Amino acid sequence: MKKHIISLTIAALGMFTLTGCIEEYTPQNGAPSLEQLTNAPGAFDNLVANLTDKITGKRSYRPGSNWVYDYGYPSMFLTRDVEGQDIIPAGSNNWYSTWYEAVRYLSSGYAVSQLPYTYYYGWINDCNVVLKSGGAINYAEPDATHKHGVGIAYAMRAMFYLDLCRMYAAKPYSEDHNALTTIKADEVRTVEGASDQQRMTWEEAFAFILQDLDAAEKCLSDYHRSDKYTPDVSVVYGLKARLYLEKQDWANAEKYAKLAQEGYRVMTQEEFLSHRDGFNTPNSSWMFATRFKDTDPNIVSNDGDDSWGSVMIMENGFGGGYAQNYGGVNVIDKHLYTTIPVTDFRKKCWVDFKLDGESKGQAIKDLMEYAYIPTATHADSVERATRIYEGGVLNASYGLGGLCLKFRNLAGKTETKYEAWCVSVPLMRVEEMKLIEAEAAGMQDLARGTALLTAFAKTRDPQFVYGQHQDAYYNTSTSEFQNEVWWQRRVELWGEGFATYDIKRLNKGIIRSYPGTNHLENARWNTDKLPSWMVWTFPATETNNNGGMTLNPDPQQPAGDSPEFIW
C-alpha cells in the first residue's frame, strides 16, 4: 500500500528537552540505579554496544509512529544534503521535502526542529552513561576492564558534538571564531546547571571535543576491533582531521588525515560501481560504518519503509520502498552531473539525463546498464531495468535523469523483502581523509596540495586536468584550489551527509535556478551567501527549560523562485 506524507506543520512535541537527558539514577518505581545497572552481568559491555547499535534502525524520535525519516543517523545525511543543491528530494511523495523546499517549517516551533535534538542528545546521554559506569567522570583514568568501552564512548560523543556544532553554529568558524554552537551536556552536568546554560562558542566547543578525542586516542591505542561498526584509533584520527579542517588548523588537519589512512585504500572502479556490493558492505576503503539488521524496528515493521534502503535504493523485487514504489526518489543536481567528465567513472552512479528523451523501450534497454544484474538472465535484467523506469517515471512522476544508483540492495537479497535493505552505510571513508589531506596541504603549500588532489582525482578519472571544474562555482569565497577540492567532495561523498557542512565551512551560497535545471518549482532558489535554513534552529522546548539559551533566528522562506543563473 502506498504510504503518504504526514503534514509537518504541527507544533513541536514537548516529548524531550535537553534538561530531560540528564539521567536521574535514584531508583523510582522499581527502576534500577546506575550502580545496579553497572554491576549486572555483562552490563557495561551491553551499554558500550548500545552506543553504536542504537544510532541506526531505531525509531528514536517517534517510536510509536512510522515517520519515514525516523531511522537514525543515516537519515540525518539527507536532512542536511537536500538543504543545498546537490541532492533533490524529487517525486510525488518525498519525506525530505521540508528540508528542501518548506524551510519555514524548520522554525523552532515545529516538530522537525525537535528531530535532530532528540536524536543527538539521546545518543550523547548514552555516551555519558558509559563514561559514568566506566569510572571516567571528568576524564578520570578508567581501569583496564573499562578502558576500551570508555574510549568508544569518548569517540562517539566527539563525533556527535562535532555534528551538532556544524549544524547549529550561528556563523562559520571562518567568519566568527566565537560564534555560538550548541549546548554542552557532559557526564558531570547537573539539572540545576542545565536550567541556566549558555551555548558553547566555536573555540569552547573545539576544546571540549578535542579533549574527548585525546582521551579516546589514549584509551583505544591498543584496541583491535572485530568489525568496522565500532570506532578504533583510526576513526579517532579521522575525527581529529574533521575537527582541524573545520578549525582551519591546516597542519594538524593534514597530520591526522594522513594518520587516519594507515591500513586503508581507496575504492577501485569495480568496487565503487559494483551492482552487487556497491555501498552496502564495508570494504578496504570504509573506516567506520553503521548497519541495518533484520531485527531492527525500522526493518521488521511498516514494510521496512522507514529505512535507508527504502529511500535510497531503487532496485528490489518486492515492489516496496519510497525510492522505487511510493514516489520518493532522490536525484543529483543536473548541473553538477554535467560537470562530471565521461571519463570519470563516478558519473555512472546516476542515470544519464539523455534517457529522458528516449522512448520507454529504448530507456529500459539503456537502464539495463545500471540495473542490479550479478548473475541474472536477460529477462531478469529487463525486469530490473523496468522497475527503475517505473520508479522514476510512473511512481514518482519525475523522470529518469539523475536517478541515484550509487547505493545497492544487500548482495543476493534483492528479491527478499526487508532483508534487501539490511545494508551497511559508510560513516567515514579513506577517500574523505585523502581529500582533507589534500586541502590542508594545499592551504599551506599550493603545489603540494595540487599534487595530492591530482593524484586522488586520477584514481577516478585518468584524464583529470586540474582546474577543469571552475564552471561549477558561483562565488569567490574560496580559491580555485579549494573549489577544486570541494567539487571532488561533492561528487565523491554525494549522499553521505557532507553537503551542508561544506557549504557552511566554505561560506558558500547555492544555485538551484538555471537554464535546464531539474530542481523543483517553488524551490529554485539562488543565494550568494549562506542560506538561513542551514543555521538550524533549536526546539522551543529548550528555552522553556533553559533560561540561558539563545535561539538561532528562524529560517526565512524565499518568496519565490530566483531568476535563472547563467553559468
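At what angle do helix 9 and helix 10 pack, and how far apart are their axes?

Modeller: Happy to! Please keep in mind that this is a predicted model, in which local features need pLDDT of at least 70 and side-chain atom pairs count only at pLDDT 80 or more, while totals for chains, interfaces and linings use all residues. Residues are numbered from 1 along each chain as its sequence is written, and side-chain values use heavy atoms, without hydrogens or water.

Now to your pair. Helix 9 (residues 233–247) packs against helix 10 (residues 250–260) at about 155°, and their axes are 8 Å apart. Helices here are DSSP runs of H or I with at least four residues, and strands are E runs of at least two, numbered from the N terminus. The axes are lines fitted to C-alpha atoms over the stretch in contact, and angles run from 0 to 180 degrees between N-to-C directions. The two helices are therefore roughly antiparallel (over 145 degrees; under 35 is roughly parallel, 65 to 115 roughly perpendicular, the rest oblique). Helix 9 makes a left-handed crossing with helix 10, meaning that the near helix is turned anticlockwise from the far one by less than a right angle, whereas clockwise would be right-handed. On the helix 9 side, the contact (heavy atoms within 4.5 Å) uses Ser234, Tyr237, Gly238, Lys240, Ala241, Tyr244 and Leu245; helix 10 brings Trp250, Asn252, Ala253, Tyr256, Ala257, Leu259 and Ala260. These contact residues are ten nonpolar, three polar and one charged. Ala, Val, Leu, Ile, Met, Phe, Trp, Tyr, Cys and Pro count as nonpolar, Asp, Glu, Lys and Arg as charged, and the others, Gly among them, as polar.

Helix 5 (residues 114–133) and helix 6 (residues 147–168) cross at roughly 155°, with axes that come within 9 Å. That makes helix 5 roughly antiparallel to helix 6, and the crossing is left-handed. Among the residues that meet are Tyr117, Trp123 and Ile124 in helix 5 and Val150, Phe160 and Leu164 in helix 6. By class, the residues of this contact are 18 nonpolar, two polar and two charged.

Helix 6 also holds Gly151. Gly151 is buried, as its relative accessible area is 0% (buried is under 20%, exposed over 50%, partly exposed in between, with a 1.4 Å probe and protein chains only). Beyond its neighbours within four places in sequence, Gly151 is in contact with Ala216, Cys219 and Leu220.
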